[in-house]
Amino acid sequence: MTLTYSDLGWSNFFQSQQDADADLTPYRISAVHRDKLTGLSPDGEIQLLPDRLTGEFAVGDWVLANAADQVCERLERQTELSRRAAGTDAREQLIAANVDVLFITTSCNADFNLARLERYLALAHQSGCYPVVVLTKADVCEDASVYRKQAESLAASLTVLTLDAKNPDDVTQLLAWVKPSQTATLVGSSGVGKTTLTNGLTGSKDAVRDIREDDSKGRHTTTARYLRRMVNGGWLIDTPGMRALRIKDADEGVEEVFSDLMEIAQGCRFNDCSHSGEPGCAVTAAVKEGTLELARVERWQKLHRDEERNTETLVQSRRRDKGFGKMIKSMKRDHKGRKGY
Ligand SMILES: Nc1nc2c(ncn2[C@@H]2O[C@H](COP(=O)(O)OP(=O)(O)OP(=O)(O)O)[C@@H](O)[C@H]2O)c(=O)[nH]1
Ligand SMILES: [Zn+2]
């Protein structure tokens with residue numbers, strides 16, 4: 001089947017950026033390798049040579065390439081999903097670009113956690129993706145509506161679907177939220193059913209199709225294929241990094257998820273009120289009156305702290321680790337002292 005540019009997700013937003021370079025060919029990036037990119041166009045899939053480090057490209061990106069298959073330009077992204085790299089490394093890692101819908105996946109069991117849902121919702125708002133909450137394993141839980149109602153309480157008009165990911169009829173519910181040529185991705189903890197959903201959405205048995213290719217030294221390496229076509233003509237981005245995201249620079253996203261709380265906080269006496277007992281705190285007052293749930297305030301405080309921590313620079317995180325190390329050392333010293341050693 002031949003795909004058109006429109007089938008691949010090309011739109012006026014990208015067209016307007018191409019106008020100046022009409023002689024270059026657009027490609028949608030379907031995989032990012034160490035020193036190459038795989039690009040899709042109506043002519044099929046080709047390997048492209050990047051004009052900069054491949055780490056600056058993400059699956060889902062649109063690029064313009066010349067007749068020698070060299071990338072000359074990366075087009076501005078409509079949305080961008082990134083995460084903070086693991087460890088004390090504060091670098092930002094790009095995960096996916098031009099994603100329309102974020103399927104936030106959790107199951108109707110112990111994995112269900114409002115704080116985690118709020119974190120993913122903040123990420124969706126920050127990146128510009130439309131969030132859809134997917135509650136799996138509804139078939140093995142007594143009353144899935146209990147979970148659905150809790151999730152729905154997080155935001156007005158939040159879409160929450162409950163389903164059995166193994167039932168193909170149930171999975172079609174998700175398709176209704178991704179139009180042909182739009183792009184979606186799944187996030188959520190391990191074991192909640194992302195692979196099962198991916199199989200249902202793409203109609204394939206294996207969630208990840210491995211391809212063999214030659215690396216620069218002529219060796220064969222196996223790479224996971226990331227941009228996958230869904231049965232309704234939509235696209236699904238599946239990358240390992242996509243699955244567990246730590247949010248970074250998501251101040252605005254967090255504020256949007258807690259907009260009700262932010263509004264109340266405008267009434268606090270101090271601009272920098274931490275809502276933990278300061279005089280004239282409107283948030284504390286609302287909790288006392290019963291119009292705001294204390295648990296929600298606490299979840300906001302934790303998410304806000306986590307977000308700040310993930311956003312801090314490398315220098316800051318090293319300093320914090322150093323300070324923490326010193327504190328542990330001095331605590332140990334004090335402890336020994338007390339024991340009379
Ligand atoms: N009964 C039932 N089982 C499910 C459902 N969704 C997933 N499972 C099962 O749960 C197990 C884990 O599902 P996966 O799809 O592998 O989960 P995952 O999120 O991809 O996990 P990772 O690959 O570790 O990220 C499998 O045995 C699935 O068959 C569901 O809605 N109902
Ligand atoms: Zn306050």
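## The antiparallel sheet

A hairpin of four residues connects E1 to E2; helices (H or I, at least four residues) and strands (E, at least two) are DSSP runs, numbered from the N terminus. This is a predicted model, in which local features need pLDDT of at least 70 and side-chain atom pairs count only at pLDDT 80 or more, while totals for chains, interfaces and linings use all residues. Residues are numbered from 1 along each chain as its sequence is written, and chains are lettered from A and ligands numbered from 1 in the order in which they are written.

Strands of a sheet pair through backbone hydrogen bonds, either parallel or antiparallel. Here, five strands make up an open sheet in the order E3-E2-E1-E4-E5, with antiparallel pairing; two strands pair if DSSP finds at least two bridges between them. Strand E3 (44-48) and strand E5 (71-74) each have a single partner strand and stand at the edges, so one side of each lacks a neighbour in the sheet. From one strand to the next, the twist averages 40 degrees (axes are lines fitted to C-alpha atoms, for helices over the stretch in contact, and angles run from 0 to 180 degrees between N-to-C directions).

## Pairing around strand E1

Strand E1 (residues 25-32) is mostly covered, with seven of its eight residues buried. A residue is buried if 20 or more other C-beta atoms lie within 10 Å of its own, exposed if 12 or fewer, and partly exposed in between, with C-beta atoms placed from the backbone. E1 pairs with strand E2 (residues 37-41) in the antiparallel sense over four bridges, and Thr 38 in E2 is the bridge partner of Ala 31.

E1 also pairs with E4 in the antiparallel sense, over four bridges; in E4, Leu 64 is the bridge partner of Pro 26.

## Parallel strands and crossovers

Six of the seven residues of strand E9 (residues 130-136) are buried, so the strand is largely enclosed by the rest of the structure. Strand E8 (residues 101-107) runs parallel to E9 and is joined to it by seven bridges; the bridge partner of Thr 106 in E9 is Leu 135. Between E8 and E9 the chain passes through helix H2 (residues 114-127) in a right-handed β-α-β crossover. A crossover is right-handed if, with the strands pointing away from the viewer, the path from the first strand over the helix to the second runs clockwise.

E9 also pairs with strand E10 (residues 159-162), in the parallel sense over four bridges, and Val 132 has Thr 159 in E10 as its bridge partner.

## Helix H9

Val 283, Thr 284 and Ala 286 are buried in helix H9 (residues 282-289). Viewed down the axis of H9, its buried residues fall within an arc of 160 degrees, so they line one face of the helix; the arc is that of the directions from the helix axis to the C-beta atoms. Lys 288 and Glu 289 are exposed on the other side of H9. Gly 290 follows H9 and has a positive phi, near 90 degrees.

## Surroundings of ligand 1

Ligand 1 is surrounded by 15 residues, of which the closest are Ala 165, Ser 190, Gly 193, Lys 194 and Thr 195 (a residue is near a molecule or strand if its C-beta atom, placed from the backbone, lies within 6 Å of it). Helix H5 (residues 194-202) contributes the most to this shell, with three residues.

The shell around ligand 1 comprises three nonpolar, six polar and six charged residues. Ala, Val, Leu, Ile, Met, Phe, Trp, Tyr, Cys and Pro count as nonpolar, Asp, Glu, Lys and Arg as charged, and the others, Gly among them, as polar.
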